[in-house]
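Let's walk through this structure together, one region at a time. Please have the sequence and the 3D view ready.

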Amino acid sequence: MDENLLATAATNGVVVTWNLGKPSRNKQDQLFTEHKRTVNKVCFHPTEVYMLLSGSQDGYMKCFDLRKKDSVSTFSGQSESVRDVQFSIRDYFTFAATFENGNVQLWDIRRPDRYERMFTAHNGPVFCCDWHPEDRGWLATGGRDKMVKVWDMNTTRAKEIYCVQTIASVARVKWRPECKHHIATCSMMVDHNIYVWDVRRPFIPSAMFEEHKDVTTGIVWRHLHDPYFLLSGSKDSTLYQHIFKDASQPIDRANPEGLCYSLYGDLAFAAKESLISSDSNRKPYIGDRRHPIFFKRKLDPTEQFEYISSSSALSVFETDVESGSMDWFVHTAKQYALAGRPLAELCDHNAKVAKGLDRNQVAQTWTMLRIIYSSLGTVSSTNLNHSMGKGSTTLPLMNSFNLKDIPSGLGSESRLDRSKGESRTENILMDSSSTLINNEDNEETEGSDVPADYLLGDVEADEDDLYMMDHENPHAEEQEYSLPQEAFPLRHEIVDNPSALDHLQDKADSPHVSGNEAETVSLTPVESFSLISISHSLYENRLPSDFFNPIVRDTLLFYAEQGDVQTAVSVLIVLGDRIRKEIDEQTQEHWYTSYIDLLQRFQLWNISNEVIKLSTCRAINCLNQASTTLHINCSNCKRPMSNRGWICDRCRQCASMCAVCHHVVKGLFVWCQGCSHGGHLQHIMKWLETSSHCPAGCGHLCEYT
Amino acid sequence: MAHHQLWKNLYGNNSRYLISLFFAGVPVCMQRSFPLFSQQPSLEKRVQVSPPLTRGPSAFIPENEVMQANGLDERTNLLVEEYSTSGRLDNITQVMSIHTQYLESFLRSQFYMLRMDGPLPLPYRHYIAIMAAARHQCSYLINMHVDEFLKTGGIAEWLNGLEYIPQRLKNLNEINKLLAHRPWLITKEHIQKLVKTGENNWSLPELVHAVVLLAHYHALASFVFGSGINPERDPDTSNGVRLIAVNNFCVCDLANDNNIENASLTSSNFGIADSLSELEALMERMKRLQEDKEDEEASQEEMDTRFEKEKKESLLVISGAFDDEIVSTDVSRYVEDPGFGYKDFARRGEDHLPTFRAQDYTWENHGFSLVNRLYSDIGHLLDEKFRMVYNLTYNTMATHEDVDTTTLRRALFNYVHCMYGIRYDDYDYGEVNQLLERSLKVYIKTVTCYPERTTKRMYDSYWRQFKHSEKVHVNLLLMEARMQAELLYALRAITRHLT
């Protein structure tokens, strides 16, 4: 090899060789102007000093003999620009060329007429390639698609054996000498670092050089057999010689442990083997229900380079079937009603659902919400009545009659209330037997919350007493009802307030409750004395739902905090505008996304879509509008329509014809899922009013609901 | 139980005219693959549109020229598909459909940047299109996107003018202005100003989306004027005021012809025989360029001077024989600093701007990577479009067949870039001089730099022997070259901002 010989390629298509050994100032040796376009690459033959190969934008490769003035042979790629050419290190006659259209061609230098083989390596231009210095069959290529691929050329079809995904288009690849699996890369845009990868570990570079301030334009290993020195040039006008031990190793900064929960509560944990083995002797979690069921160990063959020693252990801990069961989640998701009915009904329904699944606290919450929010209308109307009839002793009775007569919902409400009263008693029974629900946190019961909850439970069970008491001596009742101290599982929500024993809150809360009860249920005549107190309490309650917003908000936050984002989101949807402004958008969005994610993991697609649809959060709402693809089949030939248009490729028919008017439907298209005929919404509606058969005449009995 | 699904089509609100067009045309195509528009007379009867000013989609190209093209079958399909997706078949599409292959990639990329997932909200995209088109007073595009803007839920108030839009959009004015007229002035400081964190900042993906839209619509304006696209015959009278404005505009545009008494134009009044020999000569020159490349070995310095010369010459091509144009208020409300126009790259001797060396920042290597990184997939679409337009050929020239037009196409493409100060090291700019006659250069310069001044006479005066479809091809090349040039400057600035 001639140390003094240098070849350069220029953007104007000139290939120049320089001889540094020349005594004159001008070291230029040869000048070839055969290429018409920019020359992208020149390459010396690894053993023949005088043989030089060039690849150009014009699609030609030329082989020059430096002892002659002109090129010896010209190879035409028959396609777009040549981006790189490389002589094979082992095969004397072979060279590889990469092209802008993603192809790689292999040529025999003796046969300029056609390539030996060709394969598509990348999507988009292949910027570079490099033959493996030891293994004759390996060729690495890098492309604009940000991939580095290693091809095994020994087989008849080039086979991709390794693939490394980088973060930017790959401008240069260079195998590291003496290390079979190491390859250095640099990129053309955006990313200025040089990476050295172990191709078997494609996810994290084994070494990284971060010196350059601008794009790295070229890299080369300093010596054919020295793996420790790397030279690099850059657009920041610097040339660096990197010593391998200076390289930063991203692996040091990476977190080598991984932890993941499965849907069903199983826990997988992967970590460096050394960590695991040192720990494995001692029992990690005493008294844990979980136990490892799976233990896998992977060892790499020994390597001379330290970075390689990558082996990790994966343990999977399985949870008890019952304790980890998420059935309640699925059931709840399926049964909850989120919209379409008056608030009170929704709340009652959901409370029932929750109760049916032994989730008493959630049930309580729903009940409370109904009480807080849904009786607003009644409050105002009673207030009205009240002020009209003030001073009259017969008023209480009148009042209750009026209430009865108020048509919408009220009657049912009182009925519901009764039923709730019943269920509550059984509820208490159950609670006292302290059935645990699968939630983790139900083990820790907050004692202080207990009496309060009990109180609230009872408030509704015997309203009359409470009603009286509430106004006459509000404090007595607290003592009285805090007596039963059985631990019953309690999630604090509602309860927050009374438990604090805060006078202000107390006043706000209990009179309200009792007031409502009075209106809706109690038909008992009351003396005029207490009447005044009613009206008093009612006046206090004129602003109630707003007043309770902070508490409801805290409740929701509490549930979300506990991990029960389902409740939080469901309440959020049901209450809608009543509570929306209380909670900041981001939190809401976060809840929604978590809940939707959970639903989708349980494959509850319909419900997740319903949630998306009902959400008032803009970011969530538009989820289904973006990135939603409807795949449709042609109604004629029943094959999928590949076009974005409405014309079927195959049968040349317009797919969305109205079966009634035989015109194309633009806008709303309705179709029967039984026979797949359909058309304009109006037309179909009209048709099916008079006929029960499909307008297309297929004989299907369509139904429009 | 029957079930129904609703299919909402965004663009459902189309005109009667188009519907009937569709039904009149399609069944025939299906039976006999007949040209879509051959049913014109019956159409006219059916919809009773007021007679248009000029028939057909273009004022420059006779209607029947637009209709007859090769690959009718494919073309019909494409048009039908386009109609069924967008609910209209605008004149641009009709004229472009002469080059079906290109049209496909054009529509795909336009569809993607306007309607598919992207960083910017839909109304924003159309408003940006309006802003871009307004730089060239292209009422055609403005009207089209005003409609789209409203349909996608844009705030009608914004249409009152730039004072009514949010500051954030307003900030885009500067870059719009530069990009449209003097893209070489865009620096990383402009980018920084937009991206700088603050109340009205742009994220990089949003900015890239906006830049792509701006460049696309500046270039499209060139095409609209260059091909003399007629206003849409849209019977939708809901915005009648604007329609009238369009018509006015078009009348004055055609009348504009008389304004130019450009020497180069009047002198090119050859007879047919002359222009025939002109064609022969051109082909002769092309052949020579292709064959004996080697015998004229120009030195690097020589090449440099040729580029400089070409740059300078592009200066002389039109010396501003134009009065300041009266911009209709209709358009001007979307324009800030209307006086800012193209100034020749070469003229600015004092503060000499460095030439943009194409190899330092190419679309394939750099532009693509950046665009695709920040606004995924648009890179591939634009890449395909550029590639398509660059390689599009039918191997014909006027009446001759089997001609390799590579050099000619390259000359056109590079000449546009040359006017924007982008230089290819591996190109001999002497070729431009040999291949592009003066009247063509006038046309190129007008269409790319101030398209609003294009006239039918300019269009007619070059390449008299060539077919209209070939002239449309030229327009496509000019449009894409211009778009690429703008993108390169803008993306380079963004790259510099990033490093």
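A residue counts as buried under 20% relative accessible area, exposed over 50%, and partly exposed in between, using a 1.4 Å probe and protein chains only. This is a predicted model, where local features need pLDDT of at least 70, side-chain atom pairs count only at pLDDT 80 or more, and totals for chains, interfaces and linings use all residues. Residues are numbered from 1 along each chain as its sequence is written, chains are lettered from A and ligands numbered from 1 in the order written, and side-chain values use heavy atoms, leaving out hydrogens and water.

By that scale, A:C661 is partly exposed at 25%, and A:H683 is partly exposed too, at 28%. You will find A:C661 in the loop between helix 21 (618–621) and strand 27 (669–671) of chain A, while A:H683 sits in helix 22 (residues 681–690) of chain A. Helices (H or I, at least four residues) and strands (E, at least two) are DSSP runs, numbered from the N terminus.

Contact means heavy atoms within 4.5 Å. Not counting residues up to four places away in sequence, A:C661 touches A:H680 and A:H683, and A:H683 touches A:C658, A:V660 and A:C661.

UniProt places a "binding site" at A:C658, A:C661, A:H680 and A:H683. These residues span 26 residues in sequence, yet no two of their C-alpha atoms are more than 8.4 Å apart, so they gather at one spot. UniProt positions follow the numbering used here, feature names are shortened, and annotations may be inferred rather than shown by experiment.
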